[in-house]
Amino acid sequence: MRYLSTRDSRPEPAIFSFADVLLAGLAEDGGLYVPERVPALGAVAAVPYAELAAKVVGLFAGDDFPPAELGALAAEAYATFHHAAVAPLVQLDERTWLMELFHGPTLAFKDLALQLVGRMIDRALARRGEHVTIIGATSGDTGSAALDACRGRDAIDVFFLYPHGRISEVQRRQMTTVDAPNAHAVAVEGTFDDCQDIVKALFADPRLRQDLSLSALNSINFARVAAQIVYYAAAGTALRGRVSFAVPTGNFGNVYAGHLARAMGLPIEKLVIGTNANDILARYLATGRMVIEGVTPSLSPSMDIQVSSNFERLLFELKGRSGAAVGAAIGEFRKTGALPPDDQAWQAARDLFSAHRVDDAATVRSIGQVYRDTGLLIDPHSAVAVAAARAEGAGDAPMVVLSTAHPAKFPDAVERAIGLRPPVPASLAELAERRERVTVLPNDATAVARHLRTHARRTARAA
């Protein structure tokens, strides 16, 4: 398998291996890596989740990770989960299923990719005798999952930026209480989009990128998207036939993985996007206009995003895989806050996805309705997806709602909906007693770069 950047405008684009993409994360031209071709999934047997993960990710990894090695890494990664099925399906009604993606170490769906990808990065670095500094932005859950996956690894330093005061207390403490010398939580005085812009600015600094060997581990890293395809395949295999998915998404990475699963041959009827009040994706699909508005704090903070980075990968397809066209469109988007209109691309996107806006009031109603109907507690992000699925209406295929976080991570929202706080899992019980380690920085890329140079161990070794 070979990869190229979504912004490479040369007649013969540069080609990269899976290992290159895994370790770099973001392309040097600012684009995102995509495969030259989408592999066929083929027949999928009902096998343990780790075996399925090794098969699916192996299609994208190629020769960089032999099957036996990838199988061993997957088995080790998913042994950290608290449920034997890893991602169990729970039936809500006759045609609707909840896929619980929160049984990993940090109780969020990001664990399903990052527990495997962190181990893959560690193995690739050991082979090359290299060290990387991972820098990422998180709207809540990616940071804790990445810090947990990379904690204590000698060849990795990991820094995650999050919007100061804009995530839940549990999300914050899961990041700030990681006690490892290579793990760093950084609170930025701004929004998630500000954090994401800082990360892109750091990658655009060639000296910093070289000095620290910068790498990315959030959903701009294609390896993470590849690992997210697995749970779509698992659901399709379990339900045996055509299936639809309702996906809560802000950065477009989770639902883009579903798009790739369908392109690989999984019989997916619908991909339904659930957004909160920060509804740039729903507005785009409804009107063809993608315009940045102010970020509105919500009960589902992991989706409080106005710049959906992974949309660039879809845009590359919609623009006929033209790096020049994507680079020009994204440049205009970042300059003016509006993506240049392209009705042909918009109509193609509408054929692939539908979307529904679910505000806080509807989110609360969704949590309450699920609890009254089934006795199940769901978190606000999952509630957005449930509401989107119901707004979409019945189809021919069963609908799988991706439940992306444990309700105990958002106890205030759950209590607001049903008058009860969710039970606290054992893994969260001690969070309030642990010492927090966090640095608060201004919304300024220079300040963050200075912090990285001061605390990254690669810099210390070079000195």
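## Strands β6 and β7

Strand β6 (residues 132-137) and strand β7 (residues 156-163) run parallel, joined by 6 bridges. Strands here are DSSP E runs of at least two residues, and helices are H or I runs of at least four, numbered from the N terminus. Two strands pair if DSSP finds at least two bridges between them. A137 has L161 of β7 as its bridge partner.

This is a predicted model, where local features need pLDDT of at least 70, side-chain atom pairs count only at pLDDT 80 or more, and totals for chains, interfaces and linings use all residues. Residues are numbered from 1 along each chain as its sequence is written, and side-chain values use heavy atoms, without hydrogens and water.

## The open sheet and its helices

An open sheet of 5 strands has the order β9-β6-β7-β8-β14, with parallel pairing. Its edge strands, β9 (214-215) and β14 (438-441), each pair on one side only.

Helix α4 (residues 110-128) packs on the sheet and touches β6 and β7. Contact means heavy atoms within 4.5 Å. The direction of α4 makes about 145° with that of β7. Axes are lines fitted to C-alpha atoms, for helices over the stretch in contact, with angles from 0 to 180 degrees between N-to-C directions. Helix α7 (residues 192-203) lies across β6, β7, β8 (183-188) and β9, at about 150° to β6.

## Strand β5

In strand β5 (residues 96-100), 5 of 5 residues are buried, meaning under 20% relative accessible area with a 1.4 Å probe, protein chains only. T96, L98 and E100 lie on one side, W97 and M99 on the other.

β5 pairs antiparallel with β4 (residues 89-91) over 3 bridges. L89 stands opposite M99. β5 also pairs parallel with β13 (residues 399-403) over 5 bridges.

Methods:
Buried means under 20% relative accessible area, exposed over 50%, partly exposed in between (1.4 Å probe, protein chains only).
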